[in-house]
Amino acid sequence: MSSITPGQRVFFAVIFAAALLVAFLGLFNPVYLASIFTWLELPPLHARFVGAIYAFGAVFMAGCLSARYQAEVRWAVQLIGIWTGMLFIISLLNLGAFDFSLLPVQVWFASYIIYPLIALWMTIRQSPLGDAGDLLPGSELGAAAKGFLLAQGILFSVLAVLLFLAPTFMSTLWPWKVTAVLAQMYAGPLLAYGLGSLLFARQKKWLGVRAILPAMLVFTVTTVIISFVHIGLFSFGEIADLLWFGWFSIASLILALLTFRALQVRE
């Protein structure tokens, strides 16, 4: 089996550092993050949800950095490209929201142009892995785990597509008040999350999902926690609120079990 290249490790490390910074600020200093992301309306719950999304990215990259084989991270570069490329496209669709005289805006556009281009270049140069996932050590990934990842992948992929194509309509269905621009911005990371679930559901061994499962668990648990912190913003008189708390609570329990099983694998 081929090993992860030094270039990939550098790329993962850069994305890890960038995602970790946004995650930390969003979760622990949401007011400051809102002052940086001037193109978005980010009250504390919104900023903390952005932090939860980027916490997924940071932990996923940490998992990729700790992995040894290409088969463990076979779609990581492509997911980075989808996440960052989608945010670049969405930013272009909402240029009026940006003040290009501000340094954070310049850094935002530079980052979300460069990252997807690097991901595309690495994808073109990447050798086909074929059935390399079959050669990973450890036991077979169970059907129940694959089924959950598949269901989660469909749910979040459909949600992301709707947020991208119909942000104004989706903002009316969101569990708390959100602008159409921010709703559309959610589409990029959530599409990467959904497609990541679908792609990693194809892995054959538990070791093949060890890089991403802890990241998914961090996202769902963090989302539950911040939702309870801001529970006053939920009415619970609408189906969206019930689905929000129900899904993320149940998903957290399932992902905790799956993560525990995956981390038991010995190489």
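This is a predicted model: local features need pLDDT of at least 70, side-chain atom pairs count only at pLDDT 80 or more; totals for chains, interfaces and linings use all residues.
Residues are numbered from 1 along each chain as its sequence is written, and side-chain values use heavy atoms, with hydrogens and water left out.

Leu 163 lies in helix α6, which spans residues 143-165; helices are DSSP runs of H or I with at least four residues, numbered from the N terminus. Its relative accessible area is 0%, so Leu 163 is buried (under 20% relative accessible area; exposed is over 50% and partly exposed in between, with a 1.4 Å probe and protein chains only). Not counting residues up to four places away in sequence, Leu 163 is in contact with Met 170, Trp 174, Ala 183, Gln 184, Tyr 186, Ala 187 and Leu 190, contact being heavy atoms within 4.5 Å. Between Leu 163 and Phe 100 the C-alpha to C-alpha distance is 25 Å, at a sequence separation of 63 residues.

The structure contains 39 aromatic pairs. Rings of Phe, Tyr and Trp (its six-membered ring) pair if their centres lie within 6.5 Å; planes under 30 degrees apart count as stacked, over 60 as edge-to-face and the rest as tilted. Phe 148 and Trp 247 form a stacked pair, with 6.0 Å centre to centre and 10 degrees between the planes. This pair links distant parts of the chain, 99 residues apart, with Phe 148 in helix α6 and Trp 247 in helix α10 (residues 239-263). Phe 148 is buried at 9% relative accessible area, while Trp 247 is partly exposed at 24%. The pair of Phe 234 and Phe 236 is tilted, because the planes stand at 40 degrees with the ring centres 6.3 Å apart. Phe 234 is buried at 6%; Phe 236 is partly exposed at 34%.

Notes: Helices (H or I, at least four residues) and strands (E, at least two) are DSSP runs, numbered from the N terminus.
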